[in-house]
Amino acid sequence: MMSTDNKKTVMNRRTLLRAGAAAAFAAPIGAYSAQAFAPRAITPAIDFSEFPVCKTASDAPALTGAPRKLKLSWNAGAVCLAPLPVAIDHGFFQKQNLDVELVNYSGSTDQLLEAIATGKSDAGLGMALRWLKPLEQGFDVKIAAGTHGGCMRVLTRTNSGIGKLADLKGKIVAVGDLAGPDKNFFSIQLAKLGIDPIKDVDWRAYPGNLLNVAVEKGEVQAFLSSDPLAYLWLKDAQYKEVASNLDGEYRDKSCCIVGLRGSLVREEPQVARAITQALLDAAMFTSQNPDKAAKSFQPYAPKAANLADLEAMARYHTHHHHPTGEVLKRELKGYADDLKTVQVFKQSTDTAKFAERIYVDVFSV
């Protein structure tokens, strides 16, 4: 049950030009679980006519010498991170002379950021609205790029009488995590509508894969979820989407970000550039080849999701939007300002200085 106007999936050239050089259903296997891959020898072409400002960065020479080994942490069940297996499957890391080990991380966000900051991992991907609060505390992690938008939704029963976000006022809403990025995002949107998300909505925590059960039992009137589960639930005519993080101004903003070990950025800036570029190239390839991205991600997807489902999700997520540099810094400041409005960030935090501190433009090195 996707939006019929396709406005969320169409390439937005203006957004791309503005962008500069460019957790969902997890299957945890302990805190860390590595995957081994056999990358293809030849990197497929990307049509840079759709990404004109990315070509110069992508044409930078690869690292020399033996392939640089790196560990990159991700949530292997998050379909919006499909560019990661794409990067290995289709040789984008190899193109940059990188030997990347994907590590499935199922611990808390604080633990993940600590792992990156202390060198247990070299980089990671995650949700901006989940990472920014821990980063406010001072983890030595630098944000190098946004990766995409669109993976969080508000769902309800078709006959619930809830038709728009404002209808959540006075309702009980189920969430998988009371400090999760989806709760933060939709709390911000409620606040912008003049609704106090703390006083006017009763948030209840449930296991992420049982959120729909809470609605079916009548314990809640709506719930927040991320793809692939949200998408799969929406295939059932009993459910409908009330809102997503691709509504309004947010259709042109990223929700997931690339974080790099601070010491890697300072000591090996070309390596930091190389891994960021590989990820952006993989994102561009995903945007242009959602069918191939679906096949790369299929080993990590829930069994209920077929290739057509995965391709539809890859098209829905805005993999063409991956800001760096000044555009990224503005988005980070904007999210920090938003988090102040819902009392997640301290009111004393200078969000401009905060954004300046946590971001890095790896393509300026």
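Analyst: Two notes before we start: the model is predicted, so local features need pLDDT of at least 70, side-chain atom pairs count only at pLDDT 80 or more, and totals for chains, interfaces and linings use all residues. Numbering starts from 1 along each chain as its sequence is written, and side-chain values use heavy atoms, with hydrogens and water left out.

User: What makes S8 and S10 the edge strands?

Analyst: The open sheet has 5 strands in the order S8-S7-S9-S6-S10, with mixed pairing. Strands S8 (202-205) and S10 (239-244) each pair on one side only. Strands are DSSP runs of E with at least two residues, helices are runs of H or I with at least four, and both are numbered from the N terminus.

User: How do you know that S6 and S9 pair?

Analyst: Pairing takes at least two DSSP bridges between two strands. S6 (residues 152-157) and S9 (residues 222-226) are joined by 4 bridges and run antiparallel, with Leu 155 opposite Phe 223 in S9.

User: Why are H12 and H13 called oblique?

Analyst: Angles run from 0 to 180 degrees between N-to-C directions, using axes fitted to C-alpha atoms, for helices over the stretch in contact. Under 35 degrees is roughly parallel, over 145 roughly antiparallel, 65 to 115 roughly perpendicular, and the rest oblique. The axes of H12 (residues 290-297) and H13 (residues 307-316) cross at roughly 120° and come within 8 Å, so the pair is oblique.
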